[in-house]
Amino acid sequence: MSTPDTAPVALIVHAHPEPRSFTTAQMTTAAQALRDAGYRVDVLDLYSDAWAPTLARDDFASVEGHFKPQAEQMRAVKDGTLDATVQAHLDRLLAADLLVLSFPMWWFSLPAVLKGWVDRVFAMGAVFGGEYGLFSDAALAGRRAMLLFTTGGSGESFQPGGAFGSMDDFLFHIHRGMLEFVGYQVLDPVVTYGPAHMTDQERAAALETVRESITLVTADPRSRDASLV
């Protein structure tokens, strides 16, 4: 049995502006399922925390000449001069065994605030590059990550041949280009399709499905590994 000091850590990074949304209820359900499975759960609520999503010159103590964001990240990581808020989020990221990105799918991708979190916190020199490589040689190799999100469209519309096409096509740039890129083993996403079009009873059942999906991930990590390579 794990103790608080040895229990695995799950970091949930949540991006929804409405605390009463289904997306937020879904995140809360997942967080409790992780706690029930013995995880210590750390939640970053980007909207509540008024997270600034823009990777900008102001993130760095001094920039002379042409601004090259990743070069400045490398320098700041090496010198220990990363923006204090970014450093705090990076420390929480590096402490986590499992990363969960929680969001509504907007324009077939991440909300801007969450993409901006990745831009600023997945710092070059800290999670990839510098002394680290890419993919299996990156800093987060051996850890797991997953997406927990909602859509506006139905599940049928995200099937091959559906109105929008295969969901895997929309997730490739996140799974491969963000998460696997820095070393994560990516798990299958947990998705609720079209909760705005559900009845209250259907939404309650959907939350139960979320709970069961998270429980399955924690009970047998191999059972939901996603191979998108």
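Helices here (H or I, at least four residues) and strands (E, at least two) are DSSP runs, numbered from the N terminus. Keep that handy for the labels below, and remember as you click around that this is a predicted model.

**Stop one: Tyr47.** Select Y47 and look at the chain on either side. Where does Y47 sit? You'll find Y47 in the loop between β2 (40-45) and α2 (69-79). Its relative accessibility is 33%, so Y47 counts as partly exposed, since that class covers what lies between buried, under 20%, and exposed, over 50%.

**Stop two: the surface patch.** Together, Y47, W106 and W107 make a nonpolar patch on the surface, with about 420 Å² of accessible area between them.

**Stop three: Val77.** Now jump to V77, which belongs to helix α2. V77 has 25% relative accessibility, so V77 is partly exposed too.

**Last stop: the cavity.** Rolling a probe the size of a water molecule over the atoms shows where empty space is left. How many cavities of 30 Å³ or more does the structure hold? There is 1. The largest cavity has a volume of about 40 Å³. To see its lining, select L55, D59, F60, Q73, L82, D83, V86 and R120.

Note on methods:
Residues numbered from 1 in each chain as written. Predicted model: local features only at pLDDT ≥ 70, side-chain atom pairs only at ≥ 80, totals over all residues. Heavy atoms only, no water. Patch = residues over 30% accessible without salt bridge, like charges linked within 9 Å, V, L, I, M, F, W, Y side chains within 5 Å. Areas by Shrake-Rupley, 256 points an atom, 1.4 Å probe, with all protein chains shown as cover. Salt bridge = Lys/Arg side-chain N within 4 Å of Asp/Glu carboxyl O. Buried < 20%, exposed > 50% of the residue type's maximum accessible area, 1.4 Å probe, protein only. 1 Å grid on protein atoms, 1.4 Å probe; cavity = no way out; pocket = protein on both sides within 12 Å on 5 of 7 lines; lining within 4 Å. Points joined across faces, edges and corners; volume = space filled by probe spheres on them.
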